[in-house]
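Let's take a walk through a protein model together.

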Amino acid sequence: MFVRPLLQKAVKRSYAQIPQWRAVSKRTYASESSGSSSTIWMLLAVAAGGAGGYYYYEQTKPVDYQAVYNAIAEKLENSNYDDGSYGPVLVRLAWHAAGTYDKSTGTGGSNGATMRFAPESEHGANAGLSVARDFLEPIKQKFPKISYADLWSLAGVAAIQEMGGPTIPWRAGRSDLTAESVTPDGRLPDAAQGQDHLRNIFYRMGFNDQEIVALSGAHALGRCHPDRSGFTGPWTFSPITFSNDYFKLLLSETWRQKKWDGPKQFEDKKTTQLMMLPTDLALIQDKSFRKYVELYAKDSDLFFKDFSKAFNKLEELGVPFAPDTPVLTLKTL
């Protein structure tokens, strides 16, 4: 792909440096043709060596993660998708890829990107995430050296930051594993359950109650879809803006069970336009969880700080980083 243009440029530059042939007579011109051909072949050999050096450079130069971030951020807004942004579904992809971690076995987590394979890609909790994976595929083709695992994780960071969320420190170093490493179904939260289920899921990964509540604040983003989770509706009135509104609404609104043919969920009494899931209401029904909900509802800065730490932890669970892996702070557009 790159060799032919390089050869052409090298030959052109070198040819320009050769004294011009003077065709004093047809006989003289013919007598010089043998030597000039040798010169051209020598130049071609030199150019080929230069092309090889360029190829080596391309293969060994590090990934420009800020450039990858920018490529993701530039594509986020799209008036034809959901509420106008792919951001929420990218956060969900990063979350679900990492949320399979099991600290007792060291399996799962964001390392591996095993959601590329069935049956993990077909798990009920991952329904609809093909949208996010397809969205990122052109960026993977543009930056082929980045692993899918790093790309999905970085996309989650980009989405949160670009939607007004906190800065999240990020490290590269995840690798792509094979289909043999797919995780079993049931490792992600079941929204129809309560506080005991939440603790079982998050404690398995190594999180505490405060971190569970902080991570739940990501429900400020996006909405549920009947053809994916079975539930329907957004949690907040601004589903593409990262904020502490989720916690405010949990406490300020009256939530009643929605009358419909779908699974059990709740709607706000005032407008009936918002929804909460059983796992959401568990956060205000449990005393330990509720105290953090109240803190984050009052203090947006505290929520942003704690969420950044918890999300960074989530995205690094089980990743075998090299000791000298730098921590990156990616700039927003």
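Before we start, one term: two residues are in contact when they have heavy atoms within 4.5 Å. Keep in mind, too, that what you're looking at is a predicted model. Among contacts in the protein chain between residues at least 6 apart in sequence, 71% join residues at least 24 apart. The chain has 333 residues, and 47% of them count as buried. As you trace it, you'll come across twelve helices and five strands.

Now let's pick out two of those helices. How do you describe a packed pair? Two packed helices are described by the angle between their axes and the distance between the axes. Helix H3 covers residues 65-75 and helix H5 covers residues 130-142; they pack at an angle of about 140 degrees, and their axes are 10 Å apart. Angles over 145 degrees would count as roughly antiparallel and 65 to 115 as roughly perpendicular, so H3 and H5 are oblique to each other. The crossing of H3 past H5 is right-handed. On the H3 side, Val68, Ala71, Ile72 and Lys75 make the contact, while H5 brings in Phe135, Leu136, Pro138 and Ile139. Sort these residues by class and you get seven nonpolar, no polar and one charged.

Two of those names come up again inside the protein. The largest nonpolar core has 87 residues, and Ile72 and Leu136 touch the most other members. Helix H6 (residues 148-162) supplies the largest share of this core, with ten residues. Leaving aside neighbours within four places in sequence, Ile72 is in contact with residues including Leu90, Phe135, Leu136, Ile139 and Leu151.

Notes:
Residues are numbered from 1 along each chain as its sequence is written. This is a predicted model: local features need pLDDT of at least 70, side-chain atom pairs count only at pLDDT 80 or more; totals for chains, interfaces and linings use all residues. Side-chain values use heavy atoms; hydrogens and water are left out. Axes are lines fitted to C-alpha atoms, for helices over the stretch in contact, and angles run from 0 to 180 degrees between N-to-C directions. Helices (H or I, at least four residues) and strands (E, at least two) are DSSP runs, numbered from the N terminus. Angles under 35 degrees count as roughly parallel, over 145 as roughly antiparallel, 65 to 115 as roughly perpendicular and the rest as oblique. A crossing is left-handed if the near helix is turned anticlockwise from the far one by less than a right angle, and right-handed if clockwise. Ala, Val, Leu, Ile, Met, Phe, Trp, Tyr, Cys and Pro count as nonpolar, Asp, Glu, Lys and Arg as charged, and the others, Gly among them, as polar. A nonpolar core is a set of buried Ala, Val, Leu, Ile, Met, Phe, Trp, Tyr and Cys residues joined through side-chain atoms within 4.5 Å. Buried means under 20% relative accessible area, exposed over 50%, partly exposed in between (1.4 Å probe, protein chains only).
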